[in-house]
Amino acid sequence: MTHSMVKLNHVVKVFDDVDHDQNHAAVNDISLEVREGEFLTILGPSGCGKTTTLRMIAGFEKCTSGKVYIDEEDVSSKAPYERKVNTVFQNYALFPHMNVFDNIAFGLALKKVSTKEIEEKVSQMLKVVQLEGMEKRMPDQLSGGQKQRVAIARAIINNPKVLLLDEPLGALDQKLRKQMQVELKHLQQQLGITFVFVTHDQEEALTMSNRICVMNNGKIEQFGTPDEIYERPATRFVADFIGETNLFEGQVKGQVDGKLSVSVNDGQEVLMKGIGLKADDNICFAVRPERLKLKTAPDSSDSFVRAKYKERIYIGSTIRTVVTLKNGKEICVSEPAGDLFNVSKVEGELFVTWDPTNAVVISA
Ligand SMILES: Nc1ncnc2c1ncn2[C@@H]1O[C@H](COP(=O)(O)OP(=O)(O)OP(=O)(O)O)[C@@H](O)[C@H]1O
Ligand SMILES: [Mg+2]
């Protein structure tokens, strides 16, 4: 059994009546487990309860009900400083009147550690976050990425079992953000600290995490590896929120030659695979743009819909083609620039095809 580092057991947070909506829970019955050394990301749209969840783990917020365990110990009624966690906030929260060295040393100085040990540890941290030689700088003499690294150094110098990070890269420009994602991930692997990382950026979550907890409206929609979340979204929300996808609505008509016949939005019949589905079930299925192919005629093993060409958008190495169904619904097809389907050959109708195993049935 892997060691559980953070565990939430039916955690609920209801804030006191702010609006008239008295029963609204910011976090609504969340249970999850983070393993030792794991990089877990809590991902979801603004207001879904990510920060509140993190604050309950850190102890800045008390759970309305449910329990929080850290390192297999029930810490639900313990104060933040009694928990083996450290937090990195979005706005760095460096002490503006202290230089880099003193900012990083702050936690150790409070603990009355010897000057020699402080110097050793701070220089070790400066090396880890690659800020050697900058110890005399003041926070306002640092770039956003450098401040972020000081904040991280300050949070890890005490060797916390768990590091909580709330959108730590939110304020950085795209390039620096990508760079810091890689650095943070390396740092985490190198130090073996368990990370609980909050973001609303799905790409960031997919690239950095061992597992992702997708939240919406105070609840967990799906908890799984990046691969599972991307390839097998469990709910419509996840399919829509993570990456780009094409969602089809339909109703099961019956079986044809061992395949399921589904009538989709615009009245067309699609043959697909479907386990455990029966006639009259209303379903929704998702197919990723990169799993779709445009053809003049479908192959016998393909699932397909007829569509009309609308437009083509060049985005470098891939090219997106937008086609429409009879009811106007747009379908997006993404192809590598090399094997581009020649739409100019197609007068009017063309076929959007996919391998039946690439359709993910979401709700039955
Ligand atoms: N102190 C508070 N008092 C009342 N309501 C609060 C408080 N803090 C948060 N909320 C509400 O709880 C819900 C969840 O907020 P939370 O800050 O956890 O969201 P979030 O997922 O971190 O969003 P964002 O991505 O915008 O940071 C929101 O509806 C918010 O308005
Ligand atoms: Mg937040």
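This note goes through the structure in numbered points, from the overall division of the chain to single residues.

1. Basis of the note. The structure is a predicted model, in which local features need pLDDT of at least 70, side-chain atom pairs count only at pLDDT 80 or more, and totals for chains, interfaces and linings use all residues. Residues are numbered from 1 along each chain as its sequence is written, while chains are lettered from A and ligands numbered from 1 in the order in which they are written.

2. Domains. The chain is assigned two parts, domain 1 (4-241) and domain 2 (246-357); such bounds come from an automatic or database domain assignment. Between the C-alpha centres of domain 1 and domain 2 there are 40 Å.

3. Helices (H or I, at least four residues) and strands (E, at least two) are DSSP runs, numbered from the N terminus. Two strands count as paired if DSSP finds at least two bridges between them. Strands of a sheet pair through backbone hydrogen bonds, either parallel or antiparallel. One open sheet has 4 strands in the order E2-E1-E4-E5, and its pairing is antiparallel. Strand E2 (27-35) and strand E5 (73-74) each have a single partner strand and stand at the edges, so one side of each has no neighbour in the sheet. Within this sheet, strand E1 (residues 4-13) pairs with strand E4 (residues 65-70) over 5 bridges in the antiparallel sense; Val6 has Ile70 in E4 as its bridge partner.

4. Helix H1. Helix H1 (residues 50-58) packs on this sheet and touches E1, E2 and E4, its direction making about 120° with that of E1. Here axes are lines fitted to C-alpha atoms, for helices over the stretch in contact, and angles run from 0 to 180 degrees between N-to-C directions. A residue is called buried if 20 or more other C-beta atoms lie within 10 Å of its own, exposed if 12 or fewer, and partly exposed in between, with C-beta atoms placed from the backbone. H1 is mostly covered, since 8 of its 9 residues are buried. Among them are Lys50, Thr51, Leu54 and Ile57. Just after H1, Gly59 takes a positive phi of about 95°.

5. Strand E7 (residues 162-166) and strand E8 (residues 194-199) pair in the parallel sense over 5 bridges, and Leu165 stands opposite Phe197 in E8.

6. Leu94 and helix H2. Leu94 lies in the loop between E6 and helix H2 (100-110). Leu94 is buried, because 22 other C-beta atoms lie within 10 Å. Two residues are in contact if their C-beta atoms, placed from the backbone, lie within 7 Å. Leaving aside neighbours within four places in sequence, the contacts of Leu94 are Asn103, Pro139, Lys147, Val150 and Ala151. The buried residues of H2 include Val100, Phe101 and Asn103; the buried residues of this helix pack against helix H3 (115-128) and helix H4 (144-156).

7. Gly218. This residue is found in the loop between strand E9 (211-216) and E10. Gly218 is buried, because 21 other C-beta atoms lie within 10 Å. Not counting residues up to four places away in sequence, Gly218 touches Ala25, Ala26, Val27, Asn28, Cys48 and Gly49.

8. Ligand 1. Which residues are closest to ligand 1? Of the 12 residues that surround ligand 1, the closest are Phe15, Ala26, Ser46, Thr51 and Thr52; a residue is near a molecule or strand if its C-beta atom, placed from the backbone, lies within 6 Å of it. The shell divides into 4 nonpolar, 7 polar and 1 charged. Ala, Val, Leu, Ile, Met, Phe, Trp, Tyr, Cys and Pro count as nonpolar, Asp, Glu, Lys and Arg as charged, and the others, Gly among them, as polar.

9. Hairpins of E12. Strand E11 (residues 246-256) and strand E12 (residues 259-264) form 6 bridges in the antiparallel sense. Their hairpin has 2 residues between the strands, and Asp257 takes a positive phi near 50° there. E12 also pairs with strand E13 (residues 269-272), in the antiparallel sense over 4 bridges. In the hairpin of E12 and E13, with 4 residues between the strands, Gly267 takes a positive phi near 95°.
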